[in-house]
Every structure is written in C-alpha cells, then in structure tokens.
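Visitor: I am new to this structure. Please take me through one part of it, a pocket and the sheet beside it, step by step.

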Amino acid sequence: MVAKNPAHNERRTAPGQASKGTTYHVDLEPSDIDSEIIDLIDVIEDEISATTDGALSADEPRREIPRHGVTPESAEGPVDQEGKGADDLRDLDTDQLLAEFLASDETDLPRRGREKEPSADESEIEHPAAFGEDLLSELLDDLESTERAVAQEAAAVQPPPGANETPPDPALHDLDWVRSGNYYPQLIASLDKQIAECQQELDKKIKQLTVQRDQLKQNFEDVRSLLTGQEDELRKSIHRVFTTFWKLKVSELDANKKETFREDLLVEHNGRKIIFKIKSTTTNDPSLKFIAQLWQELHYSGFGASTEGGLILNHDVRVEPKHRGLAYTVAEEEYLEDIIFVDTRVLYNLTLAIIDYGLPVQEATELLLRKGRVKFQLDDVAT
C-alpha cells in the first residue's frame with residue numbers, strides 16, 4: 001500500500017458540521033477516482049450550505065450582513081439586538097444572499113488551522129470558495145501521488161509465468177539427471193539411435209573421402225610444384241607430370257657426357273625428339289644465357305640435327321603466379337622463335353585443363369610442342 005502524503009494529514013470540517021469529518025484515502029485504485037470526485041463535490045456543497053444555514057439559523061444570535069451601500073441605520077424595518085437586518089435578509093433571494101455573503105468583510109467561517117473563533121480585527125478571512133478549492137487541490141494531489149506510486153509498484157513486480165511455463169526450481173539446477181535425456185518416451189530413444197547410426201555412417205564416409213583426398217593431393221603435388229619448384233625438384237616434378245598426365249615418353253640425358261645434362265629431359269612424341277632445358281630463377285627478368293645453354297645441349301647431345309630444343313622456365317618464383325610478368329619480351333622475343341618456350345604457368349594450366357576439364361591429351365600436346373612462346377588460357381576451356 002502507498003502511504004498518505006504527510007502534508008495532507010489535516011482533516012477539515014466546516015462550521016456547523018464539527019462532528020462530520022471527511023477522510024481522504026490516498027491508496028486509491030483508478031476505478032475509485034470518479035467516486036472520490038463526486039464525493040468531493042457533495043462535500044463542497046455541504047460546506048457552503050452549512051455556512052449559509054449558520055448565518056440564518058434561529059437558534060444562534062443573528063449577525064448583520066451589511067449590504068453594499070446600506071448601513072444598519074439606513075435599512076428599512078426595525079433593527080434590534082436579536083434581529084437587526086432581518087427585513088433586508090428576507091428581501092434577498094438565495095443567489096443574491098450568497099453573493100453578498102461572500103463579498104462581506106465579516107464571515108462566521110473560522111480560518112483554516114484555527115480551533116477558536118477569529119477576532120473581529122483580523123484582516124484576512126478565508127471564503128468558502130477558497131476552502132473548497134483547497135480541498136479539491138488536496139485530493140487531486142493525493143490522487144496524482146497515488147497513481148505514480150501504483151505505476152512504480154507495478155513496474156517493479158515481475159510478470160507471473162505463462163500458463164504453459166513452469167517456474168524453474170533452483171534446487172534442481174545442478175542435478176545431472178535433470179539435464180540428461182532420460183525419462184522421455186521411447187520414441188525419443190529410437191530417434192537418438194537413428195542419429196547415432198547416421199553419425200557412424202557419416203564418419204565412415206568422411207574417413208574414406210579424406211583418404212582419397214590425401215592421395216590425390218599427393219598425386220597432384222607435382223602439378224602444384226610446377227609453380228613452386230626449383231632446380232632438381234622442378235625437373236623431377238615435370239618428369240612425373242609428363243608421364244602421368246600427358247602420357248609422354250620421357251627420359252633423362254646421360255650426365256656422364258656433360259654435367260649440365262642433369263637439367264635436361266628428352267621427350268619423344270610422334271617421331272620427334274625434343275631436349276627440354278629445365279630452369280628456375282627468383283628474378284622477374286631471366287637471363288638470355290638459359291637459351292644459349294639450350295643450344296649447347298643440342299650440340300653436345302649427339303642426337304643429330306633433327307633434334308629440337310625447348311626451355312621450360314619457372315621465373316620470379318617468390319611472387320604469386322598471377323602477379324608475375326612475362327619473360328623475354330620486346331627485343332628478346334626473337335630469341336624464342338626457333339625453340340619451344342614454355343612458362344611453367346602455361347604448363348600448369350594445360351595440365352589442369354586435362355585433369356579438370358577433360359581437354360584431350362593429344363590436343364594439349366599439340367599446343368605444348370609448338371615453336372615459339374606457348375600460349376594458353378585456362379578460361380578457354382573452363383567456360
């Protein structure tokens with residue numbers, strides 16, 4: 001409940017109704033507001049009526065209510081100690097009497113907060129209208145305070161759980177058996193079993209696919225090394241790629257004849273013999289000496305003048321392949337006209353075209369063994 005405002009502890013009574021007290025409760029519900037206002041209006045009317053009746057009561061000594069502009073001496077009719085101005089009062093109707101009563105300088109209303117009659121020389125006398133306004137103001141203040149307090153209490157109270165909700169029991173919070181899946185119908189256990197079986201099958205399938213993936217990664221590691229390998233590693237990777245994916249006949253030259261033959265591979269295809277020089281470098285502008293070394297290999301190979309020469313180059317190795325530039329451009333391009341020049345990025349794309357997009361090996365081989373700069377874009381077969 002909301003406590004009553006301490007400032008409103010005072011109870012008010014009107015003259016003539018000392019035994020009738022009106023108590024105002026502040027712990028009101030919104031539905032009681034209309035009733036309280038109606039009661040307040042009745043109280044105010046009773047206060048005014050009691051004041052008027054007290055002025056005209058025959059049981060109490062009559063006091064003269066002066067009329068504006070008329071003195072007791074000039075008023076018509078006999079005026080005595082017990083009934084001075086009686087004729088004047090009888091001549092006034094109720095509304096006029098009330099107006100003159102409120103306008104007079106003397107009233108029988110006691111001042112608010114006094115227990116005794118005010119003295120005759122007091123300069124301020126509270127009128128009944130002001131008294132009623134104070135009562136109304138007090139009640140409205142009480143009602144406003146009550147509504148504010150009720151709203152605050154309602155906001156502080158947590159809403160009760162819904163009809164289908166069960167309030168949690170703190171004592172059961174940490175119990176394992178409560179959090180377990182037990183005590184459900186058998187249908188739940190059956191579904192759990194099916195889930196477990198599916199999980200086992202899925203794990204088995206994942207294991208099989210993982211083994212297959214790792215095997216393929218190992219097989220394709222040589223393809224990836226076309227972009228990352230250097231020197232002997234690069235040469236071995238190209239050898240395995242040619243034999244595995246291109247189905248070419250590949251052999252190594254006898255390094256006993258010449259030390260630089262260790263960097264070379266002999267490819268035989270459709271009666272053609274091609275000596276490929278395998279080179280790698282970290283620079284983006286490879287030297288022309290790689291081409292000069294290739295011509296020396298052709299001269300000392302002993303395979304005759306019909307043997308062709310080719311250079312497979314992995315350059316600018318530290319840079320990601322898509323950001324590398326072309327080797328041997330502009331004036332150096334003419335040195336590539338009489339040999340087969342293969343950028344390892346082109347060899348990589350051709351190999352992917354065979355593996356992923358089904359490019360026929362014969363067609364890929366014809367592209368690879370053309371003289372000059374070998375050109376191929378994977379987009380040509382990927383779209």
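Guide: Strands (E, at least two residues) and helices (H or I, at least four) are DSSP runs, numbered from the N terminus. Two strands pair if DSSP finds at least two bridges between them. The model is predicted, so local features need pLDDT of at least 70, side-chain atom pairs need 80 or more, and totals for chains, interfaces and linings use all residues. Residues count from 1 along each chain as its sequence is written, and side-chain values use heavy atoms, without hydrogens or water.

Strand 4 (residues 308-314) runs parallel to strand 5 (residues 340-343), with four bridges. Leu313 has Asp343 of strand 5 as its bridge partner.

Now the pocket. On a 1 Å grid over the protein atoms alone, a pocket is an open set of points where a 1.4 Å probe fits, with protein on both sides within 12 Å along at least five of seven lines; lining residues have an atom within 4 Å of a point. Fourteen residues, written 14, line the second largest pocket. Leu326, Arg345, Val346, Phe376 and Gln377 lie nearest its centre. Helix 9 gives the most to this lining, four residues.
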